[in-house]
Amino acid sequence: QITSLVRRAALTQNDNHFNYEKAHNFKVHTFRGPHWCEYCANFMWGLIAQGVRCSDCGLNVHKQCSKYVPNDCQPDLKRIKRVYCCDLTTLVKAHNTQRPMVVDSCIREIEARGLKSEGLYRVSGFTEHIEDVKMAFDRDGDKADISASIYPDINIIAGALKLYFRDLPIPVITYDTYSKFIEAAKICNPDERLEAIHEVLMLLPAAHYETLRYLMIHLKKVTLHEKENFMNAENLGIVFGPTLMRPPEDSTLATLNDMRYQKLIVQILIENEDVLF
C-alpha cells in the first residue's frame, strides 16, 4: 500500500519545483576603466582584479558583495557557448525552458519513430554520428535537425541523448543527493523504499527534477513496447543508472559497489513514475 505517498504527493505540491533558482558563477575579473559594483553601487578600486563577474549573466560585483548576492542569475544566451557539458539549470534558464531542449528534441524524435526499435538505448549508434548530433545542438540549439532524413538510425539519437546526460558537469541525480538515493535503494521493504526515494526526489533542484520526471515518463513508454524492443525497466536501469548518477568522489570501487543500486533506482523510478513524480 502506497496510498500515504500518493495522498501526500497530491496534497503537497513542492514549491521548489516551480522555482528554478540558480547561483551566480562568479570569476575574478580585471575591468578596463572605472567600474561600479552592481550590488552595493560603490566604486571598485584597484588596477587589476577589482571584483568578480558572473560568467553566465555578466553581473559585476565586489568580491565581498558576491557573498550576499541572491541566487537570481539569469544566464544570457550570448554567454552560453555550448549546449553539451553546460550546467543543466544554466541551460534551461538561458533558453527559458522547463527542460534542456536536447532532451525534448531527442525524446520527441525517438517517440515518433523508434519506440519499437530492438535494443533501443542498449544498441550503440556510430560514435562519429553521435558527435555530429552533439555538434549540431552546440551550433544550432533547438534548430538542430535530427530528423530521419539526416540520421535514419534512431540509435544515433538515443546515443546523443545518453551522451548529453553523461557530459553534464552535475549529473541529473546530483552529487548532493547521490548517497541518499543509494541508501534508499538499500531499504528492503518496498513501500518504505518508495517513500524514501520520493523524499530524496524532493531534494533535487527544480530543473533536475523536471528533466528526470520527463525522462521517466518517456522510458515508461519504451517499456510498453517491450515485446518489440526487448527493453524492460530493468534493462533500461542497467543502461541509465550510471548515465544519470555518479558518485561525488571518482572512485572505481564505489562505482562498482553501487552499480546494482543505480540500476535499481532507475528501475523503480520507471516502474513507479506515476506515483513518484
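Domain bounds here come from an automatic or database domain assignment. On that basis, the chain of this predicted model splits into domain 1 (4-15 + 98-120 + 170-275) and domain 2 (23-74). Taken over C-alpha atoms, the centres of domain 1 and domain 2 sit 38 Å apart.

Let's start with the sheet. It's an open one, built from three strands in the order β1-β2-β3 with antiparallel pairing. β1 (26-29) and β3 (60-61) are the edge strands, each pairing on one side only. Between β1 and β2 (residues 51-54) there are four bridges in the antiparallel sense, and K27 has R53 of β2 as its bridge partner.

Now for the helices. Helix α10 covers residues 233-244, and its buried residues are A233, L236, G237, V239, F240, G241, T243 and L244. Those buried residues pack against α5 (154-167), α8 (206-223) and α11 (252-271).

How do α8 and α11 pack, in terms of angle and axes? The angle is about 80 degrees and the axes are 8 Å apart. Angles of 65 to 115 degrees count as roughly perpendicular, so α8 and α11 are roughly perpendicular to each other. The residues making that contact are split by helix below.

| Helix | Residues in the α8–α11 contact |
|---|---|
| α8 | L212, M216, L219, K220, T223 |
| α11 | V266, L269, I270, E271 |

Terms used. Residues are numbered from 1 along each chain as its sequence is written. This is a predicted model: local features need pLDDT of at least 70, side-chain atom pairs count only at pLDDT 80 or more; totals for chains, interfaces and linings use all residues. Side-chain values use heavy atoms; hydrogens and water are left out. Buried means under 20% relative accessible area, exposed over 50%, partly exposed in between (1.4 Å probe, protein chains only). Helices (H or I, at least four residues) and strands (E, at least two) are DSSP runs, numbered from the N terminus. Contact means heavy atoms within 4.5 Å. Two strands pair if DSSP finds at least two bridges between them. Axes are lines fitted to C-alpha atoms, for helices over the stretch in contact, and angles run from 0 to 180 degrees between N-to-C directions. Angles under 35 degrees count as roughly parallel, over 145 as roughly antiparallel, 65 to 115 as roughly perpendicular and the rest as oblique.
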